[in-house]
Amino acid sequence: YEDVENDPPGETIKAGEVDYLRKRLSSRVYAYTAYKIARRFLNKMIKNKKIIVKDIIGTENLSGLKTGAIMTCNHFNAYDSFAIQMAYEASISNWKKKRFYRVIKEANYTSFPGFYGFLMRHCYTLPLSSSPKAMGEMMKSVDTLLKEGHLVLVYPEQSMWWNYRKPKPLKNGAFKLAARNNVPVIPIFITMEDSKLIGEDGFNIQEYTINVEEPIYPDEKLNEKENTEIMKQKNFETWKNVYEKFYGIPLEYTCEKNNNK
């Protein structure tokens, strides 16, 4: 499998550069402002039917959480995290206390200008870093947020294929974070149907069904490595089951492995 989109060029995030926990007043103000702007933007997208959420299934799997959690989701559109925002708000009655954070790529944080750049840097994002020290700060911050009971969205496929409907192979990162912090993974899989509307790209705008599945908990009898692998496998099986049930076909792949990689 190869990512079909090249990452934008970006600078390295250095240690101390990102206030991950929003400890500074300016960081909290920027985050609050970015959220309000993003929410108005999302409302406009919904009104103009550029994002269509047909249904949100399984909100009880978020509303019943007693701890922090890692949320996983298939990644197929630059705006799919807005759909997760809608599921989060529909599920968590006290969502102002249980906040929603997104892990993003380093280049997304450093390279986007203007409106989208402002959201990438300030709307409760947790950028990865190619600097080991900065990455260590990010990981410790995620640990803190999970212990405080917040939700952290990770795209475990670590790639975005535009409107690709099948689950892709999963990486370890999301599940290692959950295992290390003894919190559940909430597997979310978004299924799609063609609407009758045509988007600016000339293709049918998709109608989303957001499937929030049952939490996957780490086993206290297993070590971090074992839990990471088992939770990852369970997450994939959950996504696979949702895919096959919704589309009514078995999950099959037609691409061949590239042995030159």
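In the predicted model, helix H1 (residues 25-47) packs against helix H5 (residues 114-122) at about 125 degrees, with the axes 9 Å apart. Helices are DSSP runs of H or I with at least four residues, strands are runs of E with at least two, and both are numbered from the N terminus. Axes are lines fitted to C-alpha atoms, for helices over the stretch in contact, and angles run from 0 to 180 degrees between N-to-C directions. H1 and H5 are therefore oblique to each other. Angles under 35 degrees count as roughly parallel, over 145 as roughly antiparallel, 65 to 115 as roughly perpendicular, and the rest as oblique. H1 contributes Tyr30, Ala31, Thr33, Ala34, Ile37, Ala38 and Phe41 to the contact, and H5 contributes Phe115, Tyr116, Phe118, Leu119 and His122. Contact means heavy atoms within 4.5 Å. Ten of these residues are nonpolar, two are polar and none is charged. Ala, Val, Leu, Ile, Met, Phe, Trp, Tyr, Cys and Pro count as nonpolar, Asp, Glu, Lys and Arg as charged, and the others, Gly among them, as polar.

H1 also meets helix H3 (residues 80-91). Their axes come within 11 Å and cross at roughly 100 degrees. That makes H1 roughly perpendicular to H3. Tyr35, Ala38, Arg39, Phe41, Leu42 and Ile46 of H1 touch Phe82, Gln85, Met86 and Glu89 of H3. This contact holds seven nonpolar, one polar and two charged residues.

The whole structure has one cavity of 30 Å³ or more. On a 1 Å grid over the protein atoms alone, a cavity is a set of points where a 1.4 Å probe fits but cannot get out; a pocket is an open set with protein on both sides within 12 Å along at least five of seven lines; lining residues have an atom within 4 Å of a point. Points are joined across faces, edges and corners, and a volume is the space filled by probe spheres set on them. Tyr35, Ala38, Arg39, Leu42, Phe82, Gln85, Arg102 and Cys123 line the largest cavity. H1 gives the most to this lining, with four residues.

The second largest pocket has a volume of about 470 Å³. It is lined by 18 residues, of which Lys50, Asn77, Gly199, Asp201 and Ile205 are the closest to its centre. Strand S7 (residues 204-212) gives the most to the lining, with four residues.

Residues are numbered from 1 along each chain as its sequence is written. In this predicted model, local features need pLDDT of at least 70 and side-chain atom pairs count only at pLDDT 80 or more, while totals for chains, interfaces and linings use all residues; side-chain values use heavy atoms, without hydrogens and water.
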